[in-house]
Amino acid sequence: MRLGVVGLVIAAAAMSAALWLGGLVLAVQDQLAPPSKPPGQTQPSVHGAKKGDGDIDIVALGDSLTRGTGDESGKGYVGYMVDELRKQTEAPIRVTNLAVRGLRSDGLLRQLGQPEIQRQIAMADLIVMTIGGNDLFRGGEALRLNEKELNAAKRQYAANLDRIFAMLRRFNTDAVILAIGLYNPFSDLGDAKRTSAVVRDWNFVAAEVAARYPNVVAVPTFDLFALHVNDYLYSDHFHPNQEGYKRIGERVASLITLTEENR
Amino acid sequence: MSKLVYNEMLKIVRKKRLWVIAAIVAVLVALFTYAQYRETEELRKRLGTTDWRTQLQQQIVDLQNRLQSPSMSEEWRKYLQIRLKQQQYYLEHNVNPSAPGAPTFMRTFIENAIDLFLPLLVMVVAADLVSSEASAGTIKLLLVRPVKRWKVLLSKYIALLLSVSFIMLTTAVLSYAISGLVFGYGGFHLPLLTGFVPQGEDLNTDNVHMIPQWKYILMELGLAAFVSTVVGTLTLMLSVLFRSTAAVMGVMLAALISGAILSNMVSSWQSAKYLFMVNLRLTDYLKGAAPPIEGMTLGFSMTVLAVWGLMSLAVAFVVFARRDVY
């Protein structure tokens, strides 16, 4: 009996040893002399994405504001918006947050070139986005730019925004797009008059561009932060804090009527 | 000779080591299966979808956000950047790198076990092959027989190799059988990508090609068996050198654990790449993860390991043949 067990172990070990040796040879061959046959790009069709499954699909695009930087709870305005929406509906809400911190309008354009991003957008029932804050502020130094440079940046921003909306509309013809505007985080500093004027100007441009497309709504946030700005800003003096995000989230949620959305 | 090997195998089986190892593997696989199950559930709940493309896209965006953090160490940034490019590649080619199933579990299990867990199991068998005979005095009974000393050690070495093979078999079979209960047994034919070559912060995809998962797993098992053999050989040498099994275990454990720690911090210490313990993660080369030190390749790591193995084998035989036994 004992002998049988040992014999079995030896037999099993010897046979599997051949297998491992084979695997090792395969690995070396495969890695050191790989077949030069790169796989072709096979992508799921963007238009094949299914919609209207009863769920509410929300896609969030843009920069750190949409990501929620500065909110200790990590929800950001998207999280608070969804909290509000959950009060209105029983339908499952699915959020895909594709925002990347520090993203500028040209970065968003590049992101929209990716097929999977396009597929996500095609599936969306609602799109919320923030873009432009980094184009304008560039981490705080941009407000020192002179008039000419600022105007050039603004023109570039408007052109990019136009292409962004055009692309979004192409991938998804009917989802409502809520483009959330800029606020002035420096409105309590000495230069407030000038900085506020610049932010107002940029918001105006964004609203103008948005108006060229159906179902694209520019949502203002400027007024939310106009008074007592420090109560609503995170310690970096740039991003909103939890309270600030709550205000944005509530405002955005108040624009959404789910009965229509959920046809 | 075959009688000697049989005799050695008999000793190993009698000590019930192999069954203990099988039990350890079974318990750990069950644990990891449950953990993995909870994790996928959690992910599904958080993202509200089972669509792997959506999940992968979310992971990519998360990586992009983490890369924006200014206070990140250079090597970690490089590692993340390469992973980001790889995931993007998977997504663009519509290949799911982590489709659920027992084979996928098996693959990740081997990847995670190759540098510490499997070597540990091998140590359990190899550590007292010679030292226990020395401390118990049975070595005299072994050596008074009319057999050359190198033959005695060779028979022990062959028994060790057989044990390594058996441990690999146990790991493969158990991880497949147990995880399959939860994840299902299918998925051997899923396509996987291999051949990524990290170059600094970039990822060279010229040689990327698709292989079925069964082949990938077989390759991983082959590499893991190679690593286990080398670690077993090193342990055997220590077992010849030291009379105390505890000393053997201590030294090997220290080496293995220091390897796991060193891999995370040696990127600026070039010559560390000649240490055997930072070269254990051979499966990372299949996956295309950034190596701990720039310039390390599969061929390099295997050569380093082979040289260490051969040298320790030579030391073991020379010392064993010359040592005075009394």
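Tutor: Buried means under 20% relative accessible area, exposed over 50%, and partly exposed in between, taken with a 1.4 Å probe and protein chains only. This is a predicted model, in which local features need pLDDT of at least 70 and side-chain atom pairs count only at pLDDT 80 or more, while totals for chains, interfaces and linings use all residues. Residues are numbered from 1 along each chain as its sequence is written, chains are lettered from A and ligands numbered from 1 in the order in which they are written, and side-chain values use heavy atoms, with hydrogens and water left out.

Student: What share of the residues of chain A count as buried?

Tutor: Chain A has 263 residues. Under the cut-off of 20% relative accessible area, the buried share of chain A is 52%.

Student: How many helices and strands does chain A have?

Tutor: Helices (H or I, at least four residues) and strands (E, at least two) are DSSP runs, numbered from the N terminus. For chain A the secondary structure comes to 10 helices and 5 strands.

Student: Which residue of S2(A) is the bridge partner of Ile58(A)?

Tutor: Two strands pair if DSSP finds at least two bridges between them. Strand S1 (residues 56-62) of chain A runs parallel to S2(A), and 5 bridges join them. Strand S2 (residues 93-97) of chain A is largely enclosed by the rest of the structure, because 4 of its 5 residues are buried. In S2(A), the partner of Ile58(A) is Val95(A).

Student: Is Ser64(A) buried or exposed?

Tutor: Ser64(A) is part of helix H2 (residues 64-67) of chain A. Contact means heavy atoms within 4.5 Å, and, leaving aside neighbours within four places in sequence, the residues in contact with Ser64(A) include Thr69(A), His239(A) and Tyr245(A). With a relative accessibility of 6%, Ser64(A) counts as buried.

Student: Among contacts in chain A between residues at least 6 apart in sequence, what share joins residues at least 24 apart?

Tutor: The count takes in contacts of chain A between residues at least 6 apart in sequence. Of these, the share joining residues at least 24 apart is 79%.

Student: How many residues of H5(A) are buried?

Tutor: Helix H5 (residues 115-123) of chain A holds both Arg119(A) and Glu116(A), 3 residues apart, about one turn of the helix. Both of these residues are buried, and other buried residues of H5(A) include Ile117(A), Ile121(A) and Met123(A). H5(A) is largely enclosed by the rest of the structure, because the number of its 9 residues that are buried is 8.

Student: Which residues are linked with Glu116(A) in a network of salt bridges?

Tutor: A salt bridge is a side-chain nitrogen of Lys or Arg within 4 Å of a carboxyl oxygen of Asp or Glu. Arg119(A) and Glu116(A) meet this rule at 3.1 Å, N to O. The network links Glu116(A) with Arg119(A), Asp51(B) and Arg53(B).

Student: How far apart are the closest N and O atoms of Lys75(A) and Asp83(A)?

Tutor: Lys75(A) is partly exposed, with a relative accessible area of 35%. Asp83(A) is also partly exposed, at 31% relative accessibility. The two residues form a salt bridge, and their closest N and O atoms are apart by 2.6 Å.

Student: How much area do chain B and chain A bury between them?

Tutor: Buried area is the accessible area (1.4 Å probe) that two parts lose on being put together, summed over both. Here 55 residues of chain B are in contact with 47 residues of chain A. Tyr6(B), Asn65(B) and His209(B) supply 12% of the area that chain B buries against chain A, more than any other three residues. Of the total, 65% is on carbon and sulfur atoms, and the total is about 4300 Å².

Student: Which residue of chain A meets Asp62(B) in a salt bridge?

Tutor: Across the interface of chain B and chain A there are 2 salt bridges. In one of them the N to O distance is 3.3 Å, and the partner of Asp62(B) is Arg67(A).
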